[in-house]
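Student: I would like to learn how to read a few features of a structure. Please take them one at a time.

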Amino acid sequence: QHAPSLLHQGTHGDDIDIEAPTCSPGRSSGKTRQLPNLIPTVITSEHDPGNIPKMLDFVLSYIASFRGVGDNTDAAWDPAADGIDPAKTVSALAKLFRRGCHGSPAVGWCPIALPLVASLPIPSGDSNAMQMKVLAALWEGKEYTGGGANEAAVVTAVVETSTFLLLRRLEDSGSRGTGNEEKMSSDDAKEIAGYVFRGLEYYLTKSEDSRRDAATSSLKELCNALSRDLQRLDVVSDDTDGRKDCILFAVREWFWADGGIRRVMLDSIMSHGDNGLVVERLGDVVRLAADGKNATKSSVGRLPPILRDCVSEAGANIVDPLSTPGSSEGSLLPPKEAEIHLMLEVLKFCGVSFVLNSAGDDPAQPTRDAESYILGTIVPWVVTLFSSSALSSKSAFSRDAYIEILCVCLESIPSLDDRRRIWASGLKDMVDAHVDLNFLTKAIVAIAKADDLNIVRCEALDEFAMQVGDAASMVFRNGAVRESGGVLDTMVDSDEFRSMRLLLQTFVGLSPVCSQVLIGEGVIQSWINVVCQQTEHDMILEDDVGSNVLLDLLLAVASTKSSHLCYSNLLRLTSQSWKEGGQIWTSRCWKLLKAHKDRERLLKELQDYAKAVLEQDLCMIDRHDEKSKPGKVDRMCLVWSNRCSRLFGLCGDASLVLAGLDNVQLWKSSYSSPLQEYRSGNRLFACLRYVLQSFDDPTERRKLLCGDMKSGDTATELTLHVLLSLVDASPSLVPFINSTRHHQCFKLFSLIGDAPREYLVAMCRQAVNIIANEMNVSIVSELTDHRSAQVINRSVALLDLLTAKLFGRRQAIVDSREAEISQHDVKEGDILFYVANDGSEVQARVQCRVAKIHRDDYPNLYFTIRIDGEDGKATERQTVAGRLKKRAIATPPDSTLTTGAKESVEEGADMTALIVNSIIKPYLSREK
């Protein structure tokens with residue numbers, strides 16, 4: 001092939017002079033003259049599968065070597081010119097192909113089949129008998145290739161070869177042989193065309209088993225060949241612009257009619273269409289044909305009517321008018337996935353108006369326009385398949401197919417106003433039916449890309465965007481009210497959550513699939529109002545995991561360079577983010593605050609807003625109804641403390657003044673007001689405790705509450721009133737130890753660490769002053785004023801606690817037997833003390849109430865007791881009389897005196913004198 005001069009030199013000797021210059025065309029040398037006779041023998045005798053592709057390539061190369069040698073264009077097949085004997089060669093090739101090339105992989109030798117057949121001559125008066133003989137052998141030999149990829153490769157070669165013969169110009173074929181230009185008969189043309197039909201039928205009906213592994217690639221090649229060749233055959237068959245000098249043109253009516261392509265397609269669908277494979281594969285053929293179609297070529301040809309009939313045959317309801325009266329209920333059922341795939345590809349290939357005109361040339365059959373098809377067929381199918389009431393989820397392929405059909409049909413409508421009106425109507429119907437958000441997102445993006453953005457931007461889309469914004473806000477707020485760690489776990493699954501986020505991002509052009517803003521400014525304002533609305537649940541509204549997608553989106557919009565949000569809206573959004581905190585505050589809002597051009601003003605107004613909110617919420621926590629859900633108050637306190645920490649970050653400093661916890665009157669009212677219960681102080685302390693716990697260092701906590709620990713009355717006033725709100729002043733508990741009575745106070749001491757002795761002495765003095773002052777306010781004869789009594793009792797209990805810390809506690813021996821109680825003396829409703837088995841030497845005792853006495857094991861009695869917890873929750877348990885005591889504390893054995901701290905005689909004497917002079921003597925003088 002690369003050195004024809006070596007094969008066709010003009011010398012007559014037996015040797016070849018390689019260095020001799022190229023001679024004029026002539027006969028081959030003696031050695032090369034034997035090649036034509038050897039080639040048929042080699043083809044017949046070669047049985048090694050590995051050598052067959054190389055051998056066929058050699059034959060083709062030898063044939064090609066005759067190009068440009070002499071005037072005879074068919075010299076390769078002229079034995080007189082050292083050419084190959086065509087009859088012997090064709091017989092040898094037919095024998096080889098009929099045996100499947102002895103198991104040689106077809107993907108290696110099938111590409112050589114077409115050029116070999118194309119190079120065969122057409123003898124005078126013999127038509128294309130040799131070509132048809134090779135085609136027949138190829139088709140017969142596919143059964144011996146082992147199936148799968150090899151079989152599909154052979155069918156591909158047959159389809160491509162027969163298509164070539166059908167399209168070859170008659171003058172080209174007639175110039176072979178002796179120059180006779182006799183045309184082939186129509187029977188020969190039909191026989192060659194039959195291999196195209198067989199190849200198409202093979203692809204459409206071959207079982208699914210052939211689509212595995214390497215067979216998939218070969219079937220794709222066959223699909224490509226069929227789609228490409230059918231389109232070329234359709235173009236050539238055109239009555240006006242067709243190729244009249246090819247054999248197909250003479251039989252074109254038969255080729256496309258019921259005896260040809262139409263019969264193969266319709267029969268395949270009718271006989272194998274139930275499993276969807278035929279329809280799916282036909283759709284693949286049409287898809288590839290549409291992709292390679294010339295955009296300027298009219299869609300009307302001989303193939304489009306056949307495809308339209310195939311669509312009707314695959315699913316009669318696909319193009320049936322559904323809006324006309326009397327339409328059957330079955331026509332409302334959506335088509336199968338393969339059917340809608342075929343419908344889509346046929347619409348793209350043939351055109352919407354042509355396909356929807358299902359009547360064809362029959363005026364008695366109804367026709368449809370794109371508008372009625374979209375609103376009367378496509379949208380109802382979408383609602384049936386993709387709404388929230390759908391029985392099963394559909395594949396992504398089916399979803400994309402419906403979206404693409406919607407786009408194709410809209411594009412076929414010439415008027416922009418009509419397209420916008422139809423889109424708005426269809427969108428409203430889908431939204432009202434609660435169609436899947438992921439479907440709607442993809443539909444909006446697809447139409448925006450395929451058509452003018454002005455079509456997508458409509459009033460219906462704005463209304464839909466507002467609804468999605470409302471839903472996103474509601475999902476977040478309901479999740480917060482449920483006191484969950486995140487919305488994903490309680491309100492909506494993760495897929496729907498991601499779909500909602502992506503749809504919202506698409507509306508404002510911040511999604512990966514859309515960069516254009518699709519909604520109006522009124523929608524943005526509506527979202528801001530929804531996000532920043534004030535509700536009764538605001539005090540537990542917190543977003544640790546970033547579930548408030550709408551707020552996150554609005555802050556992202558505000559961060560863009562093209563943002564048109566006004567300053568007031570920006571302040572509202574940042575204030576709301578401060579309230580909710582979490583990832584959105586740290587990763588989105590904080591960055592926005594630092595980068596804003598009016599940063600100082602924005603930070604100042606945000607700080608003022610935060611201070612006002614904290615002060616207001618603190619009062620609401622203090623007054624909250626006790627009958628609320630268990631744990632709600634504690635959550636309110638935790639959320640409040642988190643907001644307080646964010647305020648500290650905004651101000652760059654930590655101070656209880658910022659949070660409103662420095663308000664002494666607030667602490668006083670928590671324990672002195674007749675309307676306040678004991679737990680009111682606990683609420684304020686819960687807020688304070690959470691704030692203190694946000695600092696890891698006890699020194700920082702102590703500085704935050706107590707300042708520099710000076711001994712003056714002003715410095716100790718706040719700490720003193722905090723302790724007064726926490727101390728337990730129940731009269732029945734006064735004789736017992738502080739560790740069980742004042743556990744809240746000890747919690748505070750554990751948070752701030754040890755206070756200086758001078759600081760404790762100052763608080764003792766101030767407590768004495770409070771007692772003396774309240775005694776002066778109360779009635780002289782007896783303490784009848786409730787507020788004064790509360791303050792005096794708490795002050796006495798706190799003074800007892802503080803003096804114990806300063807000077808230790810003296811305690812007389814109490815006989816443990818005095819605390820015992822007989823089981824027969826226990827009555828329902830008695831207040832006793834339950835011994836908790838904590839393993840310590842002095843076991844803790846918890847106050848309880850006897851709820852029920854059980855006598856089913858008489859004479860042994862046992863009891864159900866109810867214990868009130870610190871959080872307000874009551875728990876019940878069963879116990880025996882041995883675990884119930886009259887007293888709250890047991891004195892350790894062999895102990896007459898317990899010292900809690902080193903006593904200072906001088907300080908003790910001063911404190912005793914202060915108590916006697918300020919409290920005891922005035923009280924006794926009033927008694928007289």
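Student: Where is the place of Y923?

Tutor: Helices (H or I, at least four residues) and strands (E, at least two) are DSSP runs, numbered from the N terminus. Y923 sits in helix α41, residues 905–927. This is a predicted model, in which local features need pLDDT of at least 70 and side-chain atom pairs count only at pLDDT 80 or more, while totals for chains, interfaces and linings use all residues. Residues are numbered from 1 along each chain as its sequence is written, and side-chain values use heavy atoms, with hydrogens and water left out.

Student: Is Y923 buried, exposed or in between?

Tutor: Buried means under 20% relative accessible area, exposed over 50%, and partly exposed in between (1.4 Å probe, protein chains only). With a relative accessible area of 41%, Y923 is partly exposed.

Student: Which residues make a nonpolar surface patch with Y923?

Tutor: Patches are made of residues with over 30% relative accessible area and no salt bridge; like charges are joined within 9 Å, and nonpolar side chains (Val, Leu, Ile, Met, Phe, Trp, Tyr) within 5 Å. Areas come from the Shrake-Rupley method with a 1.4 Å probe, and for residues only the protein chains shown count as cover. Here I920, Y923 and L924 make a nonpolar patch of about 270 Å².

Student: How do I check a helix by its length, taking α31 as the case?

Tutor: The expected span is 1.5 Å times one less than the number of residues. Helix α31 (residues 632–651) has 20 residues and should span 28 Å; its end C-alpha atoms are 29 Å apart, which agrees. Just after α31, G652 takes a positive phi of about 75 degrees.

Student: Why is α31 described as largely enclosed?

Tutor: Because 14 of its 20 residues are buried, α31 is largely enclosed by the rest of the structure. C644 lies in this helix and is buried, at 0% relative accessibility.

Student: What does C644 touch?

Tutor: Contact means heavy atoms within 4.5 Å. Not counting residues up to four places away in sequence, C644 touches L614, A659 and V691. C644 and K611 are 33 residues apart in sequence, and their C-alpha atoms are 8.6 Å apart in space.

Student: What about charged side chains?

Tutor: Side chains of opposite charge can pair when their charged atoms come close. A salt bridge is a side-chain nitrogen of Lys or Arg within 4 Å of a carboxyl oxygen of Asp or Glu. The structure holds 26 salt bridges.

Student: Which residue pairs with R646 in a salt bridge?

Tutor: The partner is E542, at 3.7 Å from N to O. This pair links distant parts of the chain: E542 is in the loop between α26 (521–531) and α27 (549–559), R646 is in helix α31, and they are 104 residues apart. E542 is buried, with a relative accessible area of 11%, and R646 is buried too, at 12%.

Student: What does the salt bridge between D617 and R643 tie together?

Tutor: The closest N and O atoms of D617 and R643 are 3.2 Å apart. D617 lies in helix α30 (residues 599–622) and R643 in helix α31, so the pair ties together parts that are 26 residues apart in sequence. Both D617 and R643 are buried.

Student: Is E600 buried or exposed?

Tutor: E600 is exposed, at 57% relative accessibility. Its salt bridge is with R599, the closest N and O atoms being 3.2 Å apart.
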